[in-house]
Amino acid sequence: MLKREFVLPGGCCPICGAKDAFQVKGKIDNIPYFGETMETLVSCSNCKFKHADVMHLEKQEPMRYEFYISSEKDLMVRVVKSSTGVIKIPELGVTVKPGSWSGGYISNIEGVIDRIEKAIEVAIEKANSIKRRRGETKLKKLEAIRGGKEKAKIIVMDPFGHSAIVDERVKKRELTKKELAGLKAEL
Ligand SMILES: [Zn+2]
């Protein structure tokens, strides 16, 4: 499915200013049920700055995707998350917020769960006992979802249409004006 890969010399690094140390790597792919996407990785060999992101190259309407994780097999469902995308798992009370430094990736639901798990583990390391207990409860629930023992809904929203849950069974629709305004306020 891989269509094209390229490397561009990026000139000056915007972080450290080093010349000829900066590069942009790109990979264009065609994802069934979604379309052409471009993964990019910018990096600097001098200051080790790195940033990955994903873009959708086709129509870019503000979209909302919803999928019900109900079996272990569902963990393999593909997820495209751009730096402008939001991921929510309401049953867990978890929201992965967008932000220019949060980056983007193409993974699957299991990969999303792994990332959330790591983020919670880091967050509770220095937390007080109440927050720690809340975090530990979430970790247990994540483990149950991963094992197919607990069902959960996953929602992906992107005001620029760069993010998606990619599966035939997914419920998708355009974002409402209200949802869109809320998301743009968070960017
Ligand atoms: Zn640099």
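**Ground rules.** Residues count from 1 along each chain as its sequence is written, and side-chain values use heavy atoms, with hydrogens and water left out. As the model is predicted, local features need pLDDT of at least 70 and side-chain atom pairs count only at pLDDT 80 or more, while totals for chains, interfaces and linings use all residues.

**Sheet.** I looked up the strand order first. I got an open sheet of five strands, E8-E7-E10-E5-E12, with antiparallel pairing. Strands (E, at least two residues) and helices (H or I, at least four) are DSSP runs numbered from the N terminus, and two strands pair if DSSP finds at least two bridges between them. The edges are E8 (94–96) and E12 (171–174), each pairing on one side only. From one strand to the next the twist averages 15 degrees; axes here are lines fitted to C-alpha atoms, for helices over the stretch in contact, with angles from 0 to 180 degrees between N-to-C directions.

**Bridges.** I then went through the pairs.
- E5 (residues 63–69) pairs antiparallel with E12 over four bridges, and Arg-64 stands opposite Arg-173 in E12.
- E5 also pairs antiparallel with E10, over seven bridges; Glu-66 faces Ile-155 of E10 there.
- E7 and E10 run antiparallel and are joined by three bridges, with Val-156 in E10 as the bridge partner of Ile-87.

I also checked burial in E10: six of its seven residues are buried, so the strand is largely enclosed by the rest of the structure. Buried means under 20% relative accessible area, exposed over 50%, partly exposed in between (1.4 Å probe, protein chains only).

**Glu-117.** Buried or exposed? I have it as buried, at a relative accessible area of 16%. This H1 residue touches Leu-139, Leu-142, Glu-143 and Arg-146, leaving out residues up to four places away in sequence; contact means heavy atoms within 4.5 Å.

**Rings.** I noted the charged end of Arg-115 over the ring of Tyr-105, 3.5 Å from its centre. The test wants NZ of Lys or CZ of Arg within 6 Å of the ring centre and within 35 degrees of the ring normal.
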